[in-house]
Amino acid sequence: MTEQAIQSKEDQLVAAISHAGALIPTFGLLIPLVVWLTQKDRSAYLKVHALQAAIWQGIAFLFQILFFGCYILSFFMLIPFSILAEGEGAYVDPASGGLVAGGSILLIFCLIFIYIGGGLIHMGFSIGGIVQTLRGEDFQYPFIGRWVNNRLKADADNLRNQKDTNNS
């Protein structure tokens with residue numbers, strides 16, 4: 001998307017709002033989706049930025065669900081092994097129960113660290129998108145930006161080829 005024309009201030013603001021959806025936990029995904037659905041025909045700049053922001057926030061939402069599930073699972077693993085660690089279980093050595101309970105606690109702390117770190121990275125890139133689009137500059141999320149640009153460019157080329165074939 002490097003060969004873009006100068007964008008209007010309104011397009012820049014709407015693109016920044018798409019990226020700003022990340023600042024609203026969980027439901028922020030709706031903002032770029034609404035922008036993309038309603039404004040994608042208005043400008044290529046908005047189409048690309050809203051789609052990138054929607055995909056970025058959708059992936060973050062999926063990771064949030066995944067990590068929350070692992071976090072809850074780690075607590076459910078902790079309870080039975082904590083009981084076994086006290087020596088109440090007839091079939092498990094108390095030392096191994098304590099080892100598993102300790103591992104579960106370590107897993108909980110690792111998940112908290114990953115969750116907070118991932119959230120900071122997610123917010124950092126989203127804020128970068130807000131700042132760059134307000135400046136009128138192009139912005140690409142890691143991995144997603146190039147894919148979205150290539151995909152939209154291929155779709156535009158296919159549409160152009162179909163129009164050329166129909167006109168012939």
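This is a predicted model: local features need pLDDT of at least 70, side-chain atom pairs count only at pLDDT 80 or more; totals for chains, interfaces and linings use all residues.
Start with the charged side chains. Searching the whole structure turns up 2 salt bridges. In one of them, the side chain of Arg-42 pairs up with that of Glu-10, at an N to O distance of 3.2 Å. These two partners come from distant parts of the chain, 32 residues apart. Arg-42 sits in the loop between α2 (30-39) and α3 (44-85), while Glu-10 belongs to helix α1, which covers residues 9-20.

Arg-42 also forms a salt bridge with Asp-11, and here the closest N and O atoms are 2.7 Å apart. Asp-11 is in helix α1 and Arg-42 in the loop between α2 and α3, so this pair ties together parts of the chain that lie 31 residues apart in sequence. Put together, Glu-10, Asp-11 and Arg-42 make up a linked network of salt bridges.

Now for the cysteines. As for accessibility, Cys-70 is partly exposed, with a relative value of 31%. Cys-110 is partly exposed too, at a relative accessible area of 38%.

Key
Residues are numbered from 1 along each chain as its sequence is written. Side-chain values use heavy atoms; hydrogens and water are left out. A salt bridge is a side-chain nitrogen of Lys or Arg within 4 Å of a carboxyl oxygen of Asp or Glu. Helices (H or I, at least four residues) and strands (E, at least two) are DSSP runs, numbered from the N terminus. Buried means under 20% relative accessible area, exposed over 50%, partly exposed in between (1.4 Å probe, protein chains only).
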